[in-house]
Amino acid sequence: MGDALLSLNALDAHYGDFQALFGVDMEVHAGEVLAIIGANGAGKTTLMRSISGLLKNAAGQVAYRGQQIGALRADQVAAHGIALVPEGRQLFPSLSVEENLLIGAQVGRKGPWSLEPVYQLFPVLKERRHQASTTLSGGQQQMVAIGRALMANPEVILFDEISLGLAPVIIKSIYDALPDIVGEGMTALIVEQDISKALAVSGRVYCLQEGRVSLTGRTQDVSREDITRAYFGMDA
Amino acid sequence: MDWVSAVVQGTLLGGLYALFAAGLSLIFGVMRLVNIAHGDLIVLAAYLGLSTTVMLGVHPFVALLIVMPAMAGIGYCLQRGVLNQTLGDDILPPLLVTFGLSVIIQNALLEGYSADPQKMSAGTLETASISAGGLTVGVLPLLTFAIAVAVIAGLQFMFYRTAMGRAFRAVSDNSDIAQLMGLNKAHVFGVAMAIALAVTAIAGILLGVRTSFDPSVGGARLIFGFEAVIIGGLGNLWGTLAGGVILGVAQTLGAKVDPGWQLLAGHIAFLIVLAVRPNGLFPRVSH
């Protein structure tokens, strides 16, 4: 707990009367890539929304560099250096591709990421920078969403359903870009339905089941049977 | 020539209506807030202008240097202190609260200034005119229209060419995701209301120079503003100018047929547009 960059302690989250997270504990260390897996409705997106400040936590603590951030607004969490690539991309339809990227820099943090590095990472975005973001393909929109988060120069980047709804070739290109992203010293949490993809790029894994952590461990230490049991709550 | 003159006068009158409407359009475009108190805020600005000109002995246009920042400050505090709390999925709370605000402003103005009609003097500017090709046009209406075009162009530039405008559009598209970009939507909405009421200050001063006003005239200004916004298309600033011009021309042409038809003709033009193009003539589209 001591040297964790980001730590969650007994975190509960609700949507109205429905409780989505039950006492989630988690530790994230600087520079690591963490996979968060789980079936639909397990609470993965809720966890991302809770960390990023989009969802007010009902109980428990979120600490970042030892400082409590659980009660902060999303813009204040972003200013601390935590960026979210939301599920479904959620680009701003009235902004062009370049404006969507520039709005990511609004948080005002200094760092290696600006328009040119993002365009080097995803060259197709430079070609289409003046287009409306809604005219791009799903994969290109995901690139904009990732670029937009990088423009904030975060220390921690949260990817929610990074490959959902994308063609395999696009998923490959996005995963190919991941080493360049985390190679900049960034810490990444990847929520992913494709377990093998998530495990291939991460050092540790957390599995959620019905709002609770059902498995945690180093990627190389967890077996397929462990994951199946934690994922579905039953033996394979 | 009389009909041509009526169209020209109506076009210039449309500039004033566009100024009434620009603030409404901006506020609706950014935060989907329908401000029932907008007309009364225009009248409040006119009274602030009156007080400034009387106390300092300055020209009404010079009074803008005080009234614009004052209205912007009122707008920011009003948004942060009251209106932000009413925004959400339900459209009723902002309607009710701004309606209440309208009543409060009217009564406060009645208490402070009485119900007597007031007017600001702009000196020779009020009667100055220029003639060309058989048409005589007042300098003040011409100046009003030029100011309206400049204000709309300025708002358009701010909206589409500046970081603040980008923030407005992002918050308007999806305020939750915009928060993730470090944008405090409460502050962004406050700035939008401040800009809207700064424009309202210009509209109020021009109203007070052009015609007499009293605390009860805000309602009609609100309706003219609404009609200009709806005719032009919600959230489209140039459309708002076009809407103001159409409303102004309809009114002057109606008055040409029969003086009693002035307002009715404007309302009929509005209803025709609403029936034929419910989203207005130039609705905002994502580019």
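Axes here are lines fitted to C-alpha atoms, for helices over the stretch in contact, with angles running from 0 to 180 degrees between N-to-C directions. Helices (H or I, at least four residues) and strands (E, at least two) are DSSP runs, numbered from the N terminus. This is a predicted model, where local features need pLDDT of at least 70 and side-chain atom pairs count only at pLDDT 80 or more, while totals for chains, interfaces and linings use all residues. Residues are numbered from 1 along each chain as its sequence is written, and chains are lettered from A and ligands numbered from 1 in the order in which they are written.

**View 1. Helices α2 and α4 of chain B, side by side.** Here α2(B) (residues 38-56) packs on α4(B) (residues 92-113) at about 25 degrees, axes 9 Å apart. That makes the two roughly parallel (angles under 35 degrees; over 145 is roughly antiparallel, 65 to 115 roughly perpendicular and the rest oblique). Look for Leu41(B), Leu44(B) and Tyr47(B) among the α2(B) residues in the contact, and Ile105(B) and Leu109(B) among those from α4(B) (contact means C-beta atoms, placed from the backbone, within 7 Å).

**View 2. Where α5 meets α6 in chain B.** The axes of α5(B) (residues 139-161) and α6(B) (residues 163-173) come within 5 Å and cross at roughly 75 degrees, so this pair is roughly perpendicular. Met158(B), Phe159(B), Tyr160(B) and Arg161(B) come from α5(B), meeting Met164(B), Gly165(B), Phe168(B) and Arg169(B) of α6(B).

**View 3. α6 of chain B and its cover.** Arg166(B), Ala167(B), Phe168(B), Arg169(B), Ala170(B), Val171(B) and Ser172(B) are the buried residues of α6(B) (buried is 20 or more other C-beta atoms within 10 Å of a residue's own, exposed 12 or fewer, partly exposed in between, with C-beta atoms placed from the backbone). Their cover includes α3 (97-104) of chain A, plus α1 (2-31), α5, α7 and α8 (185-210) of chain B.

**View 4. Chain B against chain A.** In this view, 17 residues of chain B touch 24 of chain A. On the chain B side, α6 and α7 (175-180) each supply at least two residues, and α6(B) gives the most, with 6.

**View 5. Two loop residues with positive phi.** Arg65(A), not a glycine, has phi near 50 degrees and sits in the loop between β4 (57-64) and β5 (67-68) of chain A. With 13 other C-beta atoms within 10 Å, Arg65(A) is partly exposed. Ser114(B) has phi near 70 degrees, in the loop between α4 and β1 (129-132) of chain B. Ser114(B) counts as exposed, with 11 C-beta neighbours inside 10 Å.

Technical notes: Two residues are in contact if their C-beta atoms, placed from the backbone, lie within 7 Å.
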